[in-house]
Amino acid sequence: MLVVTRMADEQVVASKQKEILGHEVSMMTSTSSDHLVHDKIKHGERGSSNWSDLPPELLSMILSNLFLGDSSNFRATCRSWQSTTTPFPPPTNSALSKLPYLMILNGSDDGCKFFQPLCNETYHDKLSNIIISNDQLKDAKIRVSKYGWLLMSGGGTIFFFNPFTEVILKLPNIYWANDFMSVSFSSPPTSSDCLVIGICWGFLHIEFCIIKRGDDRWTFHEFQNNRRFVLYDASPPVLYNGKLYCLGNGGDVGVLDLSSSLSWSIICCCKPILAWPRFKYQCKKCFMVNCDGGMLVVFVTHEERRVRLIKLNVPDMEWQDVQTLGNKMLFLSHGASLLVEAVKEGMANKIYFPNFHGENGVFYSLDTGKYHSVVGNYSSTTLFNFVEQVSSTCTWIETIYDDNHTTTSVFQDW
Amino acid sequence: MSSSLEKNMLILRSSDGEEFIVPEVVAVMSKAIKNMVEDECASNTIPVPNVDANILAMVIEFCKKHDESEAEAASDLKTFDSEFVNRGQEALYDLITAANFRDVKELLDALCQNVAEMIKGKSVHHIRIQFLGYQLFEILTSNFIWNIWCDRDFD
């Protein structure tokens, strides 16, 4: 009996052990199978859709619609997505194509650099040999950038240059082209109604040199400078409703009416600026840019310590202080200033300068009142530590492709 | 088959053998097919390998709409695009590879934009779950059980 009970006990124990073992075995199998599944997922063998193996050109097309946080999240998702780079030039219709690039000429020996501040990426673009060996381009300065074209002058010549199609469009000679205080043009130089306006400023006179597309001669219009208007040269004039608005040094604005009878008038100093003590001595740079219903003027003091925005409402010519840009971003440079709608929430209400902190771009946030580097968490109240690009070789450029332009010749006539 | 049909219509055969009769203007929105037609290496039927009937039907629907509504307002087309690309993961993947393979630029743009919209504002973990098939439950449970298994005392 004892033996039997012992046997029975052993059986029970054995069966219990079996149970435990069985449990363990099932657990083991479950974990291993789980890991198999896990591994399979890792290698993307699950289902027919295999996003991690998309071709790189598709991944970069997707990436061109993502910025900052989103793009770094995208890259961190899996290994094959990690090495994806944004395409340049950006594909049409992508969010990237709506943004301006900072173009830096002579950034490298055989071409130019394009910097995209929102992705903090730099692209090198090679220019063709004909363009590089061209003497005109070597010592020319960028005067204005608009519609994807650059208006450049140097060595007594003035010409348009398109860095994307690599076309040079030479204007009729005017030997004092280098002495133009500022230049502007009304529409893309390939369109028939393009008007180029150069301004020569003197204490007693102010002269406008104008040429229309197709003309072989410049026309000159001189006005008395009775009001001692001092033209501010660092910001290109802005065209608005057929009138050319030129910024003066003291914060006053000169208006050239381009209708049949040319007329020149000066709008007096804006009061908010006069209320700013010692403004004339402090203000180092000002920029003017089109915005809806008028002109936005940005005043920047020495070392960019203070940034101030003032809007000129055009029909009633009234000045108005601006505290916020709303859903817009501002890009400032000597050659072009642009007001662009933000593509992502975090980017709105910021002003991008053509300065660098190491490799990183720099913006001024109107929310914090400070300068920040795009990447790297550096912030400062002044632009002292940021390297500024030489103004005559860099400008913001809208990446607009001239689709109508099919001719392949590099040099074209006006 | 009449000659007029031959001139203006093309027959596309999907990978699973189904045939679609499509006007040529619609079919040549795919650059790959356009090249085939221009090189005259296409006979009456053009095989479209790697694309099954379901996806091919979708691509054709998209191209037809874009072809018809050239004159229509762009905003209408945009809403159509956004509705069209708003699909499940699998269909989206098949569409995007089909569009890339057949080189349909408009469709590719719309799809890539849609994928980007899906990624925007999501954490890495969510992107993994959504696109790479990781499942939160699986990751958690497998790690959990694995940890228990490793931490056991074997005496």
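Domain bounds, as used here, come from an automatic or database domain assignment, and the model to which they are applied is a predicted one. For chain A this assignment gives domain 1, covering residues 53–87, and domain 2, covering residues 95–413. Taken over C-alpha atoms, the centres of domain 1 of chain A and domain 2 of chain A are separated by 33 Å.

The two domains also touch: 8 residues of domain 1 of chain A are in contact with 11 residues of domain 2 of chain A. The size of an interface is often given as the accessible area lost when the parts come together. By that account, domain 1 of chain A and domain 2 of chain A bury about 840 Å² between them, and 62% of this area lies on carbon and sulfur atoms. On the side of domain 1 of chain A, the residues A:Phe67, A:Leu68 and A:Thr86 supply 66% of the area buried against domain 2 of chain A, which is more than any other three residues supply. The rule finds 1 salt bridge across this domain interface. A salt bridge joins the side chains of A:Arg75 and A:Glu121, with an N to O distance of 3.2 Å.

Attention can now turn to the largest pocket, whose volume is about 710 Å³. It is lined by 23 residues, of which A:Asn93, B:Lys78, B:Asp81, B:Ala110 and B:Gln113 are the closest to its centre. The elements that give two or more residues to the lining of this pocket are helix H4 (53–68), helix H5 (74–85) and helix H7 (105–119), which belong to chain B. Sorted by class, the lining of the largest pocket comprises 9 charged, 8 nonpolar and 6 polar residues.

Note on methods. Residues numbered from 1 in each chain as written. Chains lettered and ligands numbered in written order. Predicted model: local features only at pLDDT ≥ 70, side-chain atom pairs only at ≥ 80, totals over all residues. Heavy atoms only, no water. 1 Å grid on protein atoms, 1.4 Å probe; cavity = no way out; pocket = protein on both sides within 12 Å on 5 of 7 lines; lining within 4 Å. Points joined across faces, edges and corners; volume = space filled by probe spheres on them. Helix = DSSP H or I, 4+ residues; strand = E, 2+ residues; numbered from the N terminus. Nonpolar A, V, L, I, M, F, W, Y, C, P; charged D, E, K, R; others polar. Contact = heavy atoms within 4.5 Å. Buried area = accessible area lost by both parts, 1.4 Å probe. Salt bridge = Lys/Arg side-chain N within 4 Å of Asp/Glu carboxyl O.
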